[in-house]
Amino acid sequence: MGRKIEFCIPKNYDGQKVGTFLRREKQVSARLLHSLKMTENGILCNGQHIRSIDFVHEGDLLSIELPEEPEENTALPLALPLSVLYEDEDILVINKPGNIAMHETHNHQGDALSNAVAYYLKQKGKPSVFRSVGRLDKGTSGVVVCALHQYAASVLSGQIQKEYVAVVPGIFEGSGTIDQPIYRPDPNKTLRAAGDHGETAVTHWTALSTTAEGNSLLHIRLETGRTHQIRVHFQSLGAPLLGDDMYGASFDSRIHRQALHCAVCRLRHPVTGETKVFTALLPSDIKSLL
């Protein structure tokens with residue numbers, strides 16, 4: 001049996017169709033709504049079967065029974081270390097290390113975050129589906145939010161606010177904004193670049209501290225979410241993140257990845273609506289730079 005979620009119909013949806021309420025008010029995707037219609041007792045109103053074209057009234061108790069996850073959507077479960085920050089029936093929040101990829105690729109087989117999460121969920125008797133809401137680059141550490149079912153994924157998509165910290169060379173003071181479009185020079189490579197003909201990309205930064213050797217610790221917030229956005233934007237200033245050899249940083253024996261960490265994630269819980277804030281402390285390799 002899948003997750004059962006209940007909603008009380010508010011006054012402003014009195015006399016509206018079930019499908020209208022679920023799609024507009026509760027952000028149920030068209031795909032999930034179709035699955036619910038195909039599932040026995042997928043949608044109930046006051047305990048009785050109801051169709052998406054039927055009408056609901058103020059005070060009605062509408063429930064949806066999420067369908068079971070198909071096995072083909074699961075990642076390969078492997079016993080790998082996993083740091084869990086928070087877990088309930090709807091979301092799983094992880095502190096991702098900076099040395100693993102999010103998903104398996106031809107270069108990363110059996111050592112990705114998806115493998116670790118799949119194993120963790122399987123051990124708990126849950127569908128071992130890795131459904132991250134947003135992603136972090138392989139060399140970026142910090143908070144990753146995973147939806148534990150289709151509904152949570154639909155509600156959270158594009159709604160998570162992230163805050164990063166990074167270490168860059170040079171003395172940065174105060175705060176600033178980098179407004180530079182980003183494009184992909186070679187469609188066969190992941191490398192990005194800043195240029196006038198790319199997609200809009202806006203990064204806001206605030207200086208937190210500087211080190212004796214002339215590096216700066218920055219707090220970073222993204223207005224847009226382009227691939228490698230923070231890394232590309234600071235390269236465009238001539239200050240690639242420490243350790244980021246893809247974007248021209250000098251070798252530093254203290255860190256073997258980009259000095260970038262997702263420190264904070266804010267979201268509204270997909271079922272309860274409660275505001276949640278998750279934090280991940282700086283890892284040791286970034287601390288060593290400070």
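Select β1 and strand β4 (residues 61-65): the two pair in the antiparallel sense over five bridges. Keep in mind that this is a predicted model.

As background, strands of a sheet pair through backbone hydrogen bonds, either parallel or antiparallel.

Next stop: the aromatic side chains. Show F7, Y13, F21 and Y151, which form one aromatic cluster. Across the whole structure, a search finds six aromatic pairs. Take the rings of Y86 and F278: the centres are 5.2 Å apart and the planes stand at 40°, so this pair is tilted. Y86 sits in strand β5 (residues 84-87) and F278 in strand β15 (residues 275-279), so the pair ties together parts 192 residues apart in sequence.

Which of these two residues is buried, and which is partly exposed? Y86 is partly exposed, at 22% relative accessible area. F278 counts as buried because its relative accessibility is 7%, and buried means under 20%.

Move on to helix α2 (residues 30-38) and select R31 within the helix. R31 counts as exposed, with 68% relative accessibility. Draw a distance from R31 to K122, C-alpha to C-alpha: the separation is 25 Å, and the residues are 91 apart along the chain.

Last stop: the second largest pocket. Its volume is about 670 Å³. Select K162, Y164, L222, T224 and G225; of the 28 lining residues, these lie nearest the centre of the pocket. Then show the elements that give two or more residues to the lining: β8 (161-169), β13 (215-222), α5 (229-236) and β14 (260-268). Which element gives the largest share of the lining? That is β8, with four residues.

Finish by colouring the lining of the second largest pocket by class. Eight residues are nonpolar, twelve are polar and eight are charged. A general point explains how such spaces are found: rolling a probe the size of a water molecule over the atoms shows where empty space is left.

Technical notes
Residues are numbered from 1 along each chain as its sequence is written. This is a predicted model: local features need pLDDT of at least 70, side-chain atom pairs count only at pLDDT 80 or more; totals for chains, interfaces and linings use all residues. Side-chain values use heavy atoms; hydrogens and water are left out. On a 1 Å grid over the protein atoms alone, a cavity is a set of points where a 1.4 Å probe fits but cannot get out, and a pocket is an open set with protein on both sides within 12 Å along at least five of seven lines; lining residues have an atom within 4 Å of a point. Grid points are joined across faces, edges and corners, and a volume is the space filled by probe spheres set on the points. Ala, Val, Leu, Ile, Met, Phe, Trp, Tyr, Cys and Pro count as nonpolar, Asp, Glu, Lys and Arg as charged, and the others, Gly among them, as polar. Rings of Phe, Tyr and Trp (its six-membered ring) pair if their centres lie within 6.5 Å; planes under 30 degrees apart count as stacked, over 60 as edge-to-face and the rest as tilted. Buried means under 20% relative accessible area, exposed over 50%, partly exposed in between (1.4 Å probe, protein chains only). Two strands pair if DSSP finds at least two bridges between them.
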